[in-house]
Amino acid sequence: MPSGKTMSRHSGFALWVLCVCLLLPAVSVATEGIAPLKMVSGRSHAPGELLVKFKPGTAKIQRALVVAATGTKEIQRFSKQGISRIKLPKGQSLQHALDVYRADPNVEYVQPNYIYQAQAVPVDTNY
């Protein structure tokens, strides 16, 4: 019978594997139908998309006003994280949109919608 410490380590690893398995389909869905990936400073991102984190306490109407003022569109909201996935209108430069969002006092941070890929899997015979 494994010790409590071993069980805890296996439980932690199992949780990690579960998270990875749950996130991989989300990455696939998020990138489905997207044109060739663009590069910003050597990193791939979904073309014409930003992730915007609004400051805590920013009301829904304030978020909507910021998005409308930039001419962009919120296409997905991650409520627990306070992050909005934003689509830029055709022809609007990514850098311009980044600058406009960064200048808004309601925005905590903004970044291109970077694409992340798993680079390795654990070396474990039980994996």
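Reader: In what order do the elements of the protein chain run from the N terminus on?

Author: This is a predicted model. The protein chain holds three helices and five strands. Read from the N terminus, their order is α-β-β-α-β-β-α-β.

Reader: What share of the contacts between residues at least 6 apart in sequence join residues at least 24 apart?

Author: The protein chain has 127 residues, of which 26% count as buried. Among its contacts between residues at least 6 apart in sequence, the share that joins residues at least 24 apart is 64%.

Reader: Is strand 2 largely enclosed or largely open, and how many of its residues are buried?

Author: Strand 2 covers residues 43-54, which makes 12 residues. It is largely enclosed by the rest of the structure, because the number of its residues that are buried is nine.

Reader: Which residue of strand 4 stands opposite Val 52?

Author: Strand 2 pairs with strand 5 (residues 107-114) in the antiparallel sense, over six bridges. In strand 5, Gln 111 is the residue opposite Leu 51. Strand 2 is also joined to strand 4 (residues 83-87) by five bridges, again antiparallel. There, the residue opposite Val 52 is Ser 84.

Reader: Which element gives the most residues to the largest nonpolar core?

Author: That core has 13 residues, and those with the most contacts inside it include Leu 50, Val 52, Phe 54 and Ile 86. Strand 2, helix 2 (60-70), helix 3 and strand 5 each supply at least two of the core residues. With four residues, the element that gives the most is helix 3.

Reader: What is the nearest side chain of opposite charge to Arg 63, and how far away is it?

Author: Arg 63 lies in helix 2. Apart from neighbours within four places in sequence, it is in contact with Phe 54, Thr 58 and Arg 77. Arg 63 is buried yet has no salt bridge, for which the limit is 4 Å. The nearest side chain of opposite charge is Glu 74, at 4.7 Å.

Reader: How many salt bridges are there, and which residue is the partner of Arg 85?

Author: The count of salt bridges comes to one. Arg 85 lies in strand 4 and Glu 49 in strand 2, so the pair ties together parts that are 36 residues apart in sequence. Both Arg 85 and Glu 49 are buried. The closest N and O atoms are 2.9 Å apart, and the partner of Arg 85 is Glu 49.

Reader: Lys 90 and Gly 48 are 42 residues apart along the chain; what separates their C-alpha atoms?

Author: Lys 90 is in the loop between strand 4 and helix 3 (94-103). It counts as exposed, because its relative accessibility is 89%. The C-alpha separation between Lys 90 and Gly 48 is 7.8 Å.

Reader: How far apart in space are Pro 105 and Val 66, C-alpha to C-alpha?

Author: Pro 105 belongs to the loop between helix 3 and strand 5. At 60% relative accessibility, Pro 105 counts as exposed. Pro 105 and Val 66 are 39 residues apart in sequence, and their C-alpha distance is 9.9 Å.

Key:
Residues numbered from 1 in each chain as written. Predicted model: local features only at pLDDT ≥ 70, side-chain atom pairs only at ≥ 80, totals over all residues. Heavy atoms only, no water. Buried < 20%, exposed > 50% of the residue type's maximum accessible area, 1.4 Å probe, protein only. Pairing = 2+ DSSP bridges. Core = buried A, V, L, I, M, F, W, Y, C linked by side-chain atoms within 4.5 Å. Lys, Arg positive; Asp, Glu negative; His and termini not counted. Contact = heavy atoms within 4.5 Å.
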